[in-house]
Amino acid sequence: MDLRSGIDGREFQPFYQPVVDFLTGELLGFECLARWAHPRRGLLGPDSFIPLAEDKGYIGALSDALLAGAVQDARAWPLHLRFSINVSPVQLQDLDLPLRLLRRLHEGGIEPHRLTVELTESRPVADMAMARRVVTTLREAGIKVVLDDFGSGSASLLSLHHLPFDGLKVDRSFLVALDSENGRTIIRTVVDLARSLGMSTVIEGIETPEQFAQLQGMGFDRAQGFLFGRPMPASAAARLIATRGLKRLGVR
Ligand code: C2E
Ligand code: MG
Ligand code: MG
């Protein structure tokens, strides 16, 4: 009941985490992450409501409300900045998803190529043929589609084989592998795998300059993590855009 009234009452809002160019540190855009400004419980993170929204059939409405907010916020940003939204496997079972996303973008005058859809493998994809149609339609419309949290779930390699992704987001759990030679070889091999399949790569969850230094030369295209910026409300994202100048994020 709280979820439903929260969606209707516009209690859900996107927070924005910076995504930077791995080599130059330049701000490329943001990932939109759901937050719930709950009237009694305060600001809630997605782990406390996304699974429930998926189970109760509210994930489509929630996602739509977030995108509507993100599109409004993105109108004020320079045109070269992109943004991504997270989409559950459940939503790939809906052939109307591409049209709904395009309609929202159109409302805000945002070009489809500025949007990336991140597929989170929170649960298995039920009908892979249907998911493939949805992903293909999104890409034909100019929206990019990437596989999120690669390496964190058992179904990742399977989806990679079945769905045509533009890119791969390598899960932050891989960062613990940086301490061993074998681990570093695995990370490099994942980047090579993505390259061979014609996909771009993002490494997420970089927290320290040491981690960032160890990742140099592995071939990642983009980077994300607390080192470059935490998820922040739209007002803070706007300030970041305005004050950043030529400063590289994450470099002090
Ligand atoms: P994700 O898509 O992999 O998003 C990255 C998560 O890692 C975010 O957590 C972010 O705050 C966190 N993170 C980023 N950098 C760092 C870092 O350097 N260190 C650490 N420890 N964590 C970092 P958040 O916001 O709690 O989101 C968790 C997950 O919830 C997301 O993982 C995504 O799978 C899901 N999610 C968020 N928003 C939505 C949404 O609108 N729809 C759906 N379906 N899922 C969403
Ligand atoms: Mg994501
Ligand atoms: Mg992720």
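Trainee: Okay, which residue forms a salt bridge with Glu 31?

Mentor: Keep in mind that this is a predicted model. The partner is Lys 169, and the closest N and O atoms of the pair are 2.8 Å apart.

Trainee: What does Glu 118 pair with?

Mentor: Glu 118 forms a salt bridge with Lys 169, and here the closest N and O atoms are 2.9 Å apart. Glu 118 lies in strand S5 and Lys 169 in strand S7, so this pair ties together parts that are 51 residues apart in sequence. Glu 118 counts as buried at 2% relative accessibility.

Trainee: How far apart are the closest N and O atoms of Lys 169 and Glu 204?

Mentor: They are 3.8 Å apart, and the two residues form a salt bridge. Glu 204 lies in the loop between S8 and helix H8 (209–215), so its pairing with Lys 169 in strand S7 ties together parts that are 35 residues apart in sequence. Both Lys 169 and Glu 204 are buried.

Trainee: Which residues end up in one network?

Mentor: Glu 31, Glu 118, Lys 169 and Glu 204 do, joined by salt bridges that share partners. The count of salt bridges for the model comes to 14.

Trainee: Switching topic: what volume does the largest pocket have?

Mentor: About 1,100 Å³. It is lined by 38 residues, and the closest to its centre are Glu 31, Leu 33, Pro 46, Asp 47 and Asn 86.

Trainee: How much space lies in the second largest pocket?

Mentor: About 300 Å³. Of its 18 lining residues, the closest to the centre are Val 19, Arg 82, Thr 116, Val 202 and Arg 222. The lining divides into six nonpolar, six polar and six charged residues.

Trainee: What about the surface, which residues form a nonpolar patch there?

Mentor: Leu 157, Leu 193 and Leu 197, with about 270 Å² of accessible area together. Leu 193 is found in helix H7 (residues 181–196), and at 31% relative accessibility it counts as partly exposed.

Trainee: Last one: what is phi of Arg 10?

Mentor: It is near 55 degrees, a positive value in a residue other than glycine. Most residues other than glycine have a negative phi. Arg 10 is found in the loop between helix H1 (2–8) and S1, and it is exposed, with a relative accessible area of 74%.

Trainee: And where does Asp 149 lie?

Mentor: Asp 149 lies in strand S6. Its phi is near 55 degrees as well, a positive value, and Asp 149 is partly exposed, with a relative accessible area of 23%.

Note on methods
Residues are numbered from 1 along each chain as its sequence is written. Chains are lettered from A and ligands numbered from 1 in the order in which they are written. This is a predicted model: local features need pLDDT of at least 70, side-chain atom pairs count only at pLDDT 80 or more; totals for chains, interfaces and linings use all residues. Side-chain values use heavy atoms; hydrogens and water are left out. On a 1 Å grid over the protein atoms alone, a cavity is a set of points where a 1.4 Å probe fits but cannot get out, and a pocket is an open set with protein on both sides within 12 Å along at least five of seven lines; lining residues have an atom within 4 Å of a point. Grid points are joined across faces, edges and corners, and a volume is the space filled by probe spheres set on the points. Ala, Val, Leu, Ile, Met, Phe, Trp, Tyr, Cys and Pro count as nonpolar, Asp, Glu, Lys and Arg as charged, and the others, Gly among them, as polar. Patches are made of residues with over 30% relative accessible area and no salt bridge: like charges are joined within 9 Å, nonpolar side chains (Val, Leu, Ile, Met, Phe, Trp, Tyr) within 5 Å. Accessible areas come from the Shrake-Rupley method with a 1.4 Å probe; for residues, only the protein chains shown count as cover. A salt bridge is a side-chain nitrogen of Lys or Arg within 4 Å of a carboxyl oxygen of Asp or Glu. Helices (H or I, at least four residues) and strands (E, at least two) are DSSP runs, numbered from the N terminus. Buried means under 20% relative accessible area, exposed over 50%, partly exposed in between (1.4 Å probe, protein chains only).
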